[in-house]
Amino acid sequence: MEPSRKEAFKKLLETEHDWPGPYHFRFIVPSDQIEQVSRLLPEIDMETRFSGQGRFISLNFDLHCENADIVLEIYMKVQSIPGIVSL
């Protein structure tokens, strides 16, 4: 994520959410990349849903975050996964 885009997102998170508090994450990832997500976020219990043909998986989870930096940290971790889409 570009530094200017990251700062804009952080500012939006800080103005739109009350911290500390829950934040809902949603990602779509190719099915063959699910293990990478699990390695990067091993402590998080995710709800998964396969696409109709099984090529993609929707991952959803809520996480109690102390501040916007924690949210950004998670997005930065997963952005290295090929084909991931952050919603």
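**Close-up 1. Leu 59 sits in strand β3 of this predicted model.** Strands here are DSSP runs of E, at least two residues long, and helices are runs of H or I of at least four, both numbered from the N terminus. Leu 59 comes out at 0% relative accessibility, so it counts as buried (buried is under 20% relative accessible area, exposed over 50% and partly exposed in between, using a 1.4 Å probe and protein chains only). Setting aside residues up to four places away in sequence, Leu 59 touches Phe 25, Arg 26, Phe 27, Val 29, Ile 34, Val 37, Met 46, Glu 47 and Thr 48; a contact means heavy atoms within 4.5 Å. Phe 9 is 50 residues from Leu 59 in sequence, and their C-alpha atoms are 21 Å apart. A word on the model: it is predicted, local features need pLDDT of at least 70, side-chain atom pairs count only at pLDDT 80 or more, and totals for chains, interfaces and linings use all residues. Numbering runs from 1 along each chain as its sequence is written, and side-chain values use heavy atoms, with hydrogens and water left out.

**Close-up 2. Glu 47 is found in strand β2, residues 47-50.** With a relative accessible area of 45%, Glu 47 is partly exposed. Its contacts, again not counting residues up to four places away in sequence, are Ser 58, Leu 59 and Asn 60. Arg 26 lies 21 residues from Glu 47 in sequence, with 9.5 Å between the C-alpha atoms.

**Close-up 3. Aromatic rings: a search of the whole structure turns up eight pairs.** To pair, rings of Phe, Tyr and Trp (its six-membered ring) need centres within 6.5 Å; planes under 30 degrees apart are stacked, over 60 edge-to-face, and the rest tilted. Take Tyr 23 and Phe 25: their ring centres are 4.8 Å apart and the planes are at 70 degrees, so this pair is edge-to-face. Phe 25 also pairs with Phe 61, this time stacked, at 4.9 Å centre to centre and 20 degrees between the planes. Ring pairs join Phe 9, Trp 19, Tyr 23, Phe 25, Phe 27, Phe 61 and Tyr 75 into a cluster.

**Close-up 4. Trp 19 and Pro 20 are joined by a cis peptide bond.** Omega is about -10 degrees here. Pro 20 belongs to the loop between α1 and β1.

**Close-up 5. Helix α1 (residues 3-16) packs with helix α3 (residues 68-78).** The angle is about 135 degrees and the axes are 9 Å apart; axes are lines fitted to C-alpha atoms, for helices over the stretch in contact, and angles run from 0 to 180 degrees between N-to-C directions. That makes α1 oblique to α3 (under 35 degrees is roughly parallel, over 145 roughly antiparallel, 65 to 115 roughly perpendicular, and the rest oblique). From α1, Lys 6, Phe 9, Lys 10, Leu 13 and Glu 14 meet Ala 68, Asp 69, Val 71, Leu 72 and Tyr 75 from α3.

**Close-up 6. Leu 72 is a residue of helix α3.** Its relative accessible area is 4%, so Leu 72 is buried. Beyond its neighbours within four places in sequence, Leu 72 is in contact with Lys 6, Phe 9, Lys 10 and Leu 13.
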